[in-house]
Amino acid sequence: MDLIENLREMKEVLWVNPNYEPFEKVYPHLEIKKEDVIEAKERFKRFEPFIKKAFNLDSGIVESRIEEIHNYKSWYENEIGQKIDGKILLKRDDLLPIAGSIKGRGGVYEVLKIAENLGIQHGMLNIEDDYSILLEQRFKDFYKKFTIQVGSTGNLGLSIGMISSRLGFNVVVHMSIDAKQWKKDMLRANGVNVIEYKEDYSKAVEMGRKESEKNINSFFIDDENSKDLFLGYAVGGLNVKEQLDGMGIIPDRTHPLVVFLPCGVGGGPGGVLYGLKLAYKDLVHCYFAEPTHSPSMLLGLATKKHNEISVFDIGLDNKTQADGLAVGRASGFVGKFIENMIHGCFTINDEKLFYYLKGLYNSENIFIEPSSLAGFNGISLTKNLYTEVFPYYMMWATGGSLVPESERKKFLQMFA
Ligand SMILES: *Cc1c(COP(=O)(O)O)cnc(C)c1O
């Protein structure tokens, strides 16, 4: 297969999904329904008073804005020597509360659901209550009896750690070798038990799962298989329609919404894709972006082997500066769920991440973390697929607002 050869050589590739099918045909076979996503949205809503108070925010809404990035567009047109029809939009999940990344959706959601279920089961909470009561000491004393564990390359651990510790849970975060020091420091400062591994993401998840199984009062947040994580992310996709409607942006057949989503294990982009599909059906086209060193979702989808193949099997090393995307083996659950809904996947080399990082920063004064830039290769790679139509392009910025100043400086100097 030529594609595998190109992946092995770490070339930037675009894979267009030959198994794409119209949404109406796929939907009846899916095990997660629109009602489930709406239920998740309502659960987030119940927690708004808690989140607002717990994190001292103006609002407890876990959502981010969408911006049109005119100046970036001008810069980019100049770089490629070509005009782009239509708008380039940036989805600012880098600004999400609590986690400063897309993990503020899935990770936070799953912990909220655990907290709510425990509260209800033990007769302490009723869904009619004002959930700011969760800040009372009696709830902290109660949640203290339970442990939440997770394996992560950094951001999921950060999100789970911040929300769980605020509720009063014991939290153990199993961090892979890729995890940045500042993320571990921030968690430890918040009373989270951080365990570090010399191996990659898959090992951290495996160890988290094992440790959690030893304790009946421990919940394992399973990044590879969790439907709750997926649902939390899906709310973000569903909410896009209301936001774009408000901006007067109404996709149609000649103006599809083309969305580029950085992909690690697949839950974040997979959930968002599903929410977007529920809102826009075939008018939205989703592409996942991965580093050339870690194209695990592309590999799983293209070979249909999903989690039965890893990037190591084709000789890659899974070493990338895009720490949030350093995943060698994708989620089988997500791969199978989206296999007929995703338009395609592409890869980006690490140097390009910093090229776009700097381009976005210089043109818009917006800093996002390296993983967040993976989708920025999408416009040029998919250009030939959109000759007769005029897409609204949306780059999903997946993280960055918590990155310390010293790290930002380092990243901005990575591309000369
Ligand atoms: C986790 C993460 C992603 C991808 O999400 P997955 O669920 O791992 O696919 C993308 N960008 C950033 C910054 C992340 O932290």
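Is lysine 41 buried, partly exposed or exposed, and what is its relative accessibility?

Modeller: Keep in mind that this is a predicted model. Lysine 41 counts as partly exposed, because its relative accessibility is 31%, which falls between the 20% and 50% cut-offs. Its side chain meets that of glutamate 242 in a salt bridge, at 4.0 Å from N to O. The two come from distant parts of the chain: lysine 41 sits in helix α3 (residues 34-46), glutamate 242 in helix α11 (residues 227-246), and 201 residues separate them. Glutamate 242 counts as exposed, because its relative accessibility is 60%.

Now put that beside another pair. Lysine 91 and glutamate 63 also form a salt bridge, with 2.8 Å from N to O. Lysine 91 belongs to strand β3 (residues 88-92) and glutamate 63 to the loop between α4 (48-54) and β2 (66-68), so this pair ties together parts that are 28 residues apart in sequence. Here lysine 91 is buried, at 0% relative accessibility, and glutamate 63 is buried too, at 18%.

Lysine 83 and glutamate 77 meet at 3.5 Å, N to O. Lysine 83 is exposed, at 70% relative accessibility, while glutamate 77 is buried, at 10%. There's also a network: Glu39, Arg43, Arg46 and Glu116 are joined by salt bridges that share partners.

And if you're wondering about the total, the whole structure has 30 salt bridges.

How values were computed:
Residues are numbered from 1 along each chain as its sequence is written. This is a predicted model: local features need pLDDT of at least 70, side-chain atom pairs count only at pLDDT 80 or more; totals for chains, interfaces and linings use all residues. Side-chain values use heavy atoms; hydrogens and water are left out. Helices (H or I, at least four residues) and strands (E, at least two) are DSSP runs, numbered from the N terminus. Buried means under 20% relative accessible area, exposed over 50%, partly exposed in between (1.4 Å probe, protein chains only).
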